Protein chains: 2
Amino acid sequence: MAEDQVPVHYEDLALLETQFDEVDREILAKQYVLSAPLYAKRQEVVSKIEGFWPLVFEQSPPDVDRYITPNDANIFAKLKSLDVKRFEIPMGPEKIAGDAGDPRSIAIRFEFDENEYFSNSVLEKKFWYRRSKDGWSGLVSEPVKIDWKGEDPTNGLTNAAYAVFQERKKAGDMKKKGFAAYKKLLDLIENNNVDNTSFFAWFGYVSAGPYVSADESAQANKEYKERQDKRSKGEKVESPEPEEVEEEDMMGDDEIHPEGDELAQLIAEDVWPNAIKYFTQAQEMEDMSEMDFEDMSDEDDDEDGPIDLRALVGKGKPKTKPSSNDADEPPKKKQKK
Amino acid sequence: MAEDQVPVHYEDLALLETQFDEVDREILAKQYVLSAPLYAKRQEVVSKIEGFWPLVFEQSPPDVDRYITPNDANIFAKLKSLDVKRFEIPMGPEKIAGDAGDPRSIAIRFEFDENEYFSNSVLEKKFWYRRSKDGWSGLVSEPVKIDWKGEDPTNGLTNAAYAVFQERKKAGDMKKKGFAAYKKLLDLIENNNVDNTSFFAWFGYVSAGPYVSADESAQANKEYKERQDKRSKGEKVESPEPEEVEEEDMMGDDEIHPEGDELAQLIAEDVWPNAIKYFTQAQEMEDMSEMDFEDMSDEDDDEDGPIDLRALVGKGKPKTKPSSNDADEPPKKKQKK
């Protein structure tokens, strides 16, 4: 289509997309509030099942699994519990405050048994959904320090990212560069074999775009909302010009995890809601390897007793199964938001 | 884990899964009701954009695209409109009636311009989420008759499935076999090259399991609910024994589309909610091929004007994009339920 014949419909479509997005955010918050008591109950039940979370990660979907190296798997064997919170969703009767926070913000909390890898018992990674003044929006995070006891499987990446972030914060300039810790970080990234990066480098992730502070985001959201309100009344409104970005400032150069935000979402929207399914699959894998082949035809015989549950629920990957043979089991949950 | 030490926790997990599922169904219905006015508005806008739906299917996700043969693409070029309804969700102020219907039931309606392929102007495929008396649950459908004008790209599959279904219905036996039309259907399936099957064979799809009638499903849901209520009070309840199934009765033998239910879900949960994104991608592809290379650096310069929208929204596949550079655009919508 030639540029001179762009019809007004595209603006209608853009406005619609932002309205769909509002519904999505509302639904995300609603689902979170409704599910919260069930997740609490699930935590209580799975805390009594030894190896629940290690087995879940063993069966995690390919896009998560590919970040877990064989060495990481040893560390995950020490995972005591996982918790995912959408910490900007108000849990009381108040309505969702649009400016105060975003239902897409996520906190992912790993609790570990005493182990030989690091002395932290908890590693918590928080992601805030923020908007920058020049129009970017997405998840931003802050590096988490890991106190490695012996060899660091991230080869120093995580803590180098932590050091850079702290120095930038102290300087009040989140784009500061050129200082010693920054040069060290770039060296480490350059010499790192991306395909062999430890999952734990993810704890050093910051952003796929700029780092956006809470203040900047609140201001940008306010202005964004004003523009949208005008647009929905049919007014023509200009958006802010994106800042000129120099080539060396392009995102990614000093980022130690290629897709840290996507990995966070996969954990929050797939691993977390489907944990029982992944656990059951892992159990079934174990059962299968212990089972005599002559027993296999009996697999479907007695229904929804505990053993049957494990066999049945485990059928197939949970992501997009539209029908089920599970007697009293709902269809597999899909990826949630 | 050995079978003699199965702890009671597995029953708790199974019960929890059914409770999560109830929340999911409630949320699905809620989202549907909230989004309905936006979808209506979208229909109005896109009806003015020539080639909107053909372009959406041109950019559809791989799991849909792989079912569209080059010949099918010519037919899709005649697609005038698409509509997806969850027709068992009550749209009034009444509460969702659990027994009356299921929010997972889907109607997918294609409207075509006058064309040389078939004389139908509308092809509507309905899927009902149903539960069988022996415990299976999932989407079931009925074959849709297509009145081909010339060569039938499904090689007779769709209408053979239609004939079998009608004869079974007349006989009041949905498992009836051995009659002439049934033998013809099996022959057609056997001689069919699955990798080259037309998308339109999907209109003949019935079920990944048994065909379940509305009456059977209502009764099975009632009994299921009674069992669940007892279980949530801590009672031990046996589930119905699945019927003995003879090998030739196993699903799939007389089914002309391998994953008709999953394809329906992909259209309802990905193509339909993300249609604006797919359309914009298709537009961008066209623009790219028309664009001089020297123009490419200007791509991101002016923000959220109509042309910019098209360029920006089109970045990447919509499915799992956690952040965006779209000035006033929300993050890409993910696969919905």
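This is a predicted model: local features need pLDDT of at least 70, side-chain atom pairs count only at pLDDT 80 or more; totals for chains, interfaces and linings use all residues.
**Figure 1. Pairing of β1 and β2 in chain A.** The two strands β1(A) and β2(A) run in the antiparallel sense and are joined over six bridges. Strands of a sheet pair through backbone hydrogen bonds, in either a parallel or an antiparallel arrangement. Within this pairing, Ser81(A) has Glu111(A) of β2(A) as its bridge partner. Of the seven residues of β1(A), five are buried, so the strand is largely enclosed by the rest of the structure.

**Figure 2. The loop residue Arg86 of chain A.** Arg86(A) is located in the loop that links β1 (79-85) to β2 of chain A. Is this residue buried or exposed? Arg86(A) counts as buried, because its relative accessibility is 6% and the cut-off for burial is under 20%.

**Figure 3. Overall composition of chain A.** Chain A contains 10 helices and four strands. Read from the N terminus, its elements follow the order α-α-α-α-β-β-β-β-α-α-α-α-α-α. Chain A has 337 residues, of which 51% count as buried. Among the contacts in chain A with a separation of 6 or more, 68% are made by residues 24 or more positions apart. The accessible surface of the chain amounts to about 15,800 Å², and carbon and sulfur atoms contribute 49% of this area.

**Figure 4. An edge-to-face pair of phenylalanine rings in chain A.** Over all chains, the count of aromatic pairs comes to 60. One of them joins Phe76(A) and Phe110(A) in an edge-to-face arrangement, with 6.3 Å from centre to centre and 65° between the planes. Phe76(A) belongs to helix α4 (residues 70-76) and Phe110(A) to strand β2 (residues 106-112) of chain A, so the pair ties together parts that are 34 residues apart in sequence. Both partners are covered: Phe76(A) is buried at a relative accessible area of 3%, and Phe110(A) is buried at 1%.

**Figure 5. A stacked pair and the aromatic cluster of chain A.** The ring centres of Phe200(A) and Phe203(A) are 5.9 Å apart and the planes meet at 20°, so this pair is stacked. Phe200(A) and Phe203(A) are both buried. These two residues belong to one aromatic cluster, whose members include Phe76(A), Phe110(A), Trp148(A), Trp202(A) and Tyr205(A). Further members of the cluster include Phe57(A), Phe112(A), Phe118(A), Phe127(A) and Phe199(A).

**Figure 6. Charged side chains over aromatic rings.** In chain A, Arg131(A) lies over the face of Tyr224(A), at 3.6 Å from the ring centre. In chain B, the charged end of Lys126(B) is placed over the ring of Phe87(B), 4.4 Å from the centre of that ring.

**Figure 7. The open sheet of chain B.** Which order do the four strands of the chain B sheet follow? The order is β1-β2-β3-β4, with antiparallel pairing throughout an open sheet. The edges are formed by β1 (79-85) and β4 (137-141) of chain B, each with a single partner strand, so one side of each has no neighbour in the sheet. From one strand to the next, the twist averages 15°. Strands β2 (residues 106-112) and β3 (residues 122-131) of chain B pair over six bridges in the antiparallel sense, and Ile106(B) has Phe127(B) of β3(B) as its bridge partner. Helix α8 (residues 260-271) of chain B packs on this sheet and touches β1, β2, β3 and β4 of chain B. The direction of the helix makes about 75° with that of β2(B).

**Figure 8. Helix α8 of chain A.** Helix α8 (residues 260-271) of chain A is mostly covered, with 11 of its 12 residues buried. Among the buried residues are Gly260(A), Leu263(A), Leu266(A), Ile267(A) and Val271(A).

**Figure 9. Asn155 and its backbone in both chains.** Most residues other than glycine have a negative phi. Asn155(A), by contrast, has a positive phi near 55°, and this residue lies in the loop between β4 (137-141) and α5 (157-171) of chain A. For Asn155(B), phi is likewise near 55°, and the residue is found in the loop between β4 and α5 (157-171) of chain B.

Definitions and conventions: Residues are numbered from 1 along each chain as its sequence is written. Chains are lettered from A and ligands numbered from 1 in the order in which they are written. Side-chain values use heavy atoms; hydrogens and water are left out. Buried means under 20% relative accessible area, exposed over 50%, partly exposed in between (1.4 Å probe, protein chains only). Rings of Phe, Tyr and Trp (its six-membered ring) pair if their centres lie within 6.5 Å; planes under 30 degrees apart count as stacked, over 60 as edge-to-face and the rest as tilted. A charge sits over a ring if NZ of Lys or CZ of Arg is within 6 Å of the ring centre and within 35 degrees of the ring normal. Contact means heavy atoms within 4.5 Å. Accessible areas come from the Shrake-Rupley method with a 1.4 Å probe; for residues, only the protein chains shown count as cover. Two strands pair if DSSP finds at least two bridges between them. Axes are lines fitted to C-alpha atoms, for helices over the stretch in contact, and angles run from 0 to 180 degrees between N-to-C directions.
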